[in-house]
Amino acid sequence: MEKIVVLDFGSQYSHLICRRIREFSVYAELVPYDISPEELQKMNPKGIIFSGGPSSVYNEDAPKPDEELFNFDLPLLGICYGHQLIVNKFGGKVKRANKEYGSSLLSMDKNSGLLDGIGESIRAWMSHGDEAEEIPSNFEVIGHTENSHAAAIANIDRTVFGIQFHPEVVHTERGTDILKNFVLNVCKAKQEWTMEGFVEKTVKEISEIEGNVLCGVSGGIDSTVAALLIHKAIGDRQTGVFVDNGLLRLDESKEIEDMFKNNFSLNFHRVDSSEQFLSKLKGITDPEQKRKIVGEEFIRVFTEFAKQKGPFKWLAQGTLYPDVIESGVSKGPAAVIKSHHNVGGLPEWLNLKILEPLRELYKDEVRDVARILGVPEKLLKRHPFPGPGLSVRIMGEITPSKLAICRKASKIVEEELWDAGVYDKVWQAYAAVGDDKAVGVVGDERKYGRIVTVRVVDSIDAMTADWTRLPNGVLEKISNRITNEIDEVTWVSYVISSKPPATIEPQ
Ligand code: XMP
């Protein structure tokens, strides 16, 4: 498949470049900035993009690509820090400038193939500290802003371009069209990336592996799709294992078992390990420690299962691309935000190879794959649920009483959203509980009870999220039901923080 390779210099937006390109059906892959020329050659890309990044090209430890890459006879686009790398490499001058964040008016100066058809000017998103002071010879300015006289430059003959702004973020007007100009018109890449193509290619690849596969299924869309893809490739050589870790939602364990047994023909086993998980989590209050423990226990359960029912050679998981990026085990230098249990910290004693057929996909791409594989609509509508389950929604120690409150309150939130017709319009909705208490009054009695926190968010891919402006009537009903139906609760709060700076889950 024809592809564009994006070198990751550490910008939080790097993955968005790939995402935008894939949206117009060209495969784009993010690779570390220090990829070797041989490896890059093997990927046989139609063009290369240098992402942005937090460094300055003059820093001693500034990430730099292999010099050989500049000699490749391929179109090259540098974005922000990537732009400065190009200016620096081809003999121009980069200088420290006043930091510029936010939207600037970019005026076009010359047709070059990159900004053609975009209009005379657009609002472009800037986020940089350095800027091009002198451009290299053989380059010309193709666009400028008030603060940056060389905000877009090109060596048209060599098809090398540099832009100071970020076309990948939605705040840049016509940003996707600029990427389209580069990918389709300059690189002449074919639009071959479709989910049908992905299914075909992945099934073929998996059908070539040797040995049996143990697939962790959680009942969520990601692991279900992973299991169905693998089933399509190798049938009964795969066994799906669903672990009840004691951190599931109300009635979830039974519902998932029923769903698998009634809808799909793959080998399915449910393992009840709730006591094992909850005893390991006893007394633990630190969020990252909880995640690590849950992750390790999952692997322990799978390894034990494999010993008993094996031999298995592979452990399959429904890991997605955003999980990989946020865990900092992506190929580039993006910072670790949370260690997602299904990616980080696999212990050395694990002697199963890891199979992650969805690790290149975004959530909406997985939904498309699910439809192709005939996954029931009801499952498609289910909200994502974190691998570590309710352990990340219970602040402080996980106790049976907090678990029960969290379960009942979350059920109420879900029911009321369905009732109001908004459940499938929001990204996630749940209740969390911690150790905070507040005074209430019941009848004539003072009651010192728990505070339940309700969180409902809108999002497209979980990388960013906004809190949902639920109608007051819905909020009121949720609050009344939680305090009336759950004895220990006196207060209900609603989260009005977006991601960033918050995250979707509280821990
Ligand atoms: P945050 O809280 O990081 O969550 O904004 C982003 C999305 O990821 C889900 N999430 C997880 N999913 N394993 C998972 O499979 C995890 O460890 C994990 N932690 C968070 C979260 O529910 C949201 O959809």
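1. UniProt, in an unreviewed entry, lists Cys 80, His 166 and Glu 168 under "active site". These three are spread over 89 residues of sequence, yet they cluster in space, with a largest C-alpha distance of 11.2 Å. UniProt positions follow the numbering used here, feature names are shortened, and annotations may be inferred rather than shown by experiment.

2. Basis. This is a predicted model: local features need pLDDT of at least 70, side-chain atom pairs count only at pLDDT 80 or more, and totals for chains, interfaces and linings use all residues. Residues are numbered from 1 along each chain as its sequence is written, and side-chain values use heavy atoms, with hydrogens and water left out.

3. His 166. His 166 sits in the loop between strand 9 (160-163) and helix 4 (175-186). Helices (H or I, at least four residues) and strands (E, at least two) are DSSP runs, numbered from the N terminus. Is His 166 buried or exposed? His 166 counts as buried, at 2% relative accessibility. The cut-offs: buried means under 20% relative accessible area, exposed over 50%, partly exposed in between (1.4 Å probe, protein chains only). Beyond residues up to four places away in sequence, His 166 touches Ser 11, Tyr 13, Gly 52, Ile 79, Cys 80, Trp 125, Ser 127 and Thr 172. Contact means heavy atoms within 4.5 Å.

4. Glu 168. Glu 168 also belongs to the loop between strand 9 and helix 4. Its relative accessible area is 1%, so Glu 168 is buried. With residues up to four places away in sequence not counted, Glu 168 touches Tyr 13, Leu 16, Ile 17, Arg 20, Ile 79 and Leu 179.

5. For "binding site", the unreviewed UniProt entry lists Ser 218, Gly 219, Gly 220, Ile 221, Asp 222, Ser 223 and Thr 224. Gly 220 lies in the loop between strand 10 (213-216) and helix 6 (221-234). Gly 220 is partly exposed, at a relative accessible area of 22%.

6. Ser 223. Ser 223 is in helix 6. Ser 223 is buried, at 7% relative accessible area. Which backbone atom does the side chain of Ser 223 reach? The backbone nitrogen of Ser 218, at 2.9 Å. A polar contact is a pair of N or O atoms within 3.5 Å; within protein, one must be able to donate a hydrogen and the other to accept it, and residues adjacent in sequence count only if both atoms are side-chain atoms. Leaving aside neighbours within four places in sequence, the contacts of Ser 223 are Cys 215, Gly 216, Val 217, Ser 218 and Gly 318.

7. Five strands form an open sheet in the order 12-11-10-13-14, with parallel pairing. Strand 12 (267-272) and strand 14 (353-355) are at the edges, each with a single partner strand, so one side of each has no neighbour in the sheet. On average, neighbouring strands of this sheet are turned by 30° against each other, direction ignored. Two strands pair if DSSP finds at least two bridges between them. Strand 10 pairs with strand 11 (residues 238-244) in the parallel sense, over four bridges. Val 213 has Gln 238, in strand 11, as its bridge partner.

8. Helix 7. Helix 7 (residues 252-263) lies across strand 11 and strand 12, running at about 170° to strand 12. Axes are lines fitted to C-alpha atoms, for helices over the stretch in contact, and angles run from 0 to 180 degrees between N-to-C directions.

9. Core. The largest nonpolar core has 44 residues, and Leu 214, Val 413, Leu 417, Val 452, Ile 478 and Ile 482 touch the most other members. Helix 9 (287-309) is among the elements that each supply at least two residues of this core. The largest share, eight residues, comes from helix 9. A nonpolar core is a set of buried Ala, Val, Leu, Ile, Met, Phe, Trp, Tyr and Cys residues joined through side-chain atoms within 4.5 Å.

10. His 383. His 383 is in the loop between helix 12 (377-381) and helix 13. His 383 counts as buried, at 7% relative accessibility. A polar atom of its side chain lies 2.8 Å from the backbone oxygen of Tyr 423. The side chain of His 383 also reaches the backbone oxygen of Val 426, at 3.3 Å.
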